[in-house]
Amino acid sequence: MSARRHLNLLAIVTLAWAVFWVIGLPDYYRQYSDGFMVIFDLAILFPLWYLVFRILKRVRRHAKLAVASWLAFYITVPLLLYDVLYCGVYLGYGAGFFAEFWYLSVYYVVPWIILPPTGLWLDRRPAIRQPTAR
């Protein structure tokens with residue numbers, strides 16, 4: 001991927017983090033029950049996977065795993081760093097924020113579990129032939 005694409009992805013995930021931060025105010029989602037947060041996490045997971053799936057379908061063959069891995073990286077690492085700075089440092093939870101904000105912590109792992117295998121699966125699928133015009 002080009003440097004421009006990396007910067008573009010970083011900008012997109014930074015904006016997404018900021019939007020989710022605002023939506024989570026005043027207590028960064030701690031004001032909601034655990035049951036609600038499970039549903040919320042699942043409600044985000046499926047559209048996220050589908051978006052990545054659609055992106056990967058447009059990627060050239062045998063590059064899907066690499067792109068899926070980069071997407072997993074950008075969906076996890078920058079968000080983890082932002083949450084460490086906000087929850088761990090600014091709010092003062094330190095490393096304890098991983099447990100306190102478990103509904104965030106699952107997203108530091110789950111994209112790595114589902115996105116690279118999706119890329120691998122799409123890379124290994126047989127090519128679909130387009131019908132020829134007559």
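Guide: Let's start with contacts, meaning heavy atoms within 4.5 Å. Not counting residues up to four places away in sequence, His6 touches Met1, Trp70 and Tyr74. A word on the source: this is a predicted model, where local features need pLDDT of at least 70, side-chain atom pairs count only at pLDDT 80 or more, and totals for chains, interfaces and linings use all residues. Residues are numbered from 1 along each chain as its sequence is written, and side-chain values use heavy atoms, with hydrogens and water left out.

Visitor: Is His6 buried or exposed?

Guide: Buried means under 20% relative accessible area, exposed over 50%, and partly exposed in between (1.4 Å probe, protein chains only). His6 has a relative accessible area of 16%, so it is buried.

Visitor: Which helix does His6 lie in?

Guide: Helices here are DSSP runs (H or I, at least four residues), numbered from the N terminus. His6 lies in α1, the helix that covers residues 3-23.

Visitor: Which residues of α1 are buried?

Guide: In α1, the buried ones are His6, Leu9, Val13 and Trp17. They cover an arc of only 70° around the axis, so they sit on the same side of α1; the arc is that of the directions from the helix axis to the C-beta atoms. Helix α3 (64-90) is included in what covers the buried residues of α1. Turned away from that buried side is a face with the exposed residues Arg4, Leu7 and Leu15.

Visitor: What does Tyr82 touch, leaving aside its neighbours within four places in sequence?

Guide: Tyr82 is in contact with Leu10, Thr14 and Trp17. Tyr82 itself is found in α3, and it counts as partly exposed because its relative accessibility is 23%.

Visitor: And how do I check the length of α1?

Guide: The expected span is 1.5 Å times one less than the number of residues. With 21 residues, α1 should span 30 Å, and its end C-alpha atoms are 30 Å apart, so the two agree.

Visitor: Which residues form the nonpolar patch on the surface?

Guide: Nonpolar side chains (Val, Leu, Ile, Met, Phe, Trp, Tyr) are joined within 5 Å, like charges within 9 Å. Here the patch is Leu15, Val19, Phe20 and Ile23, together with about 360 Å² of accessible area, from the Shrake-Rupley method with a 1.4 Å probe and only the protein chains shown as cover for residues. At 33% relative accessibility, Phe20 counts as partly exposed.

Terms used:
Patch = residues over 30% accessible without salt bridge, like charges linked within 9 Å, V, L, I, M, F, W, Y side chains within 5 Å. Salt bridge = Lys/Arg side-chain N within 4 Å of Asp/Glu carboxyl O. Helix = DSSP H or I, 4+ residues; strand = E, 2+ residues; numbered from the N terminus.
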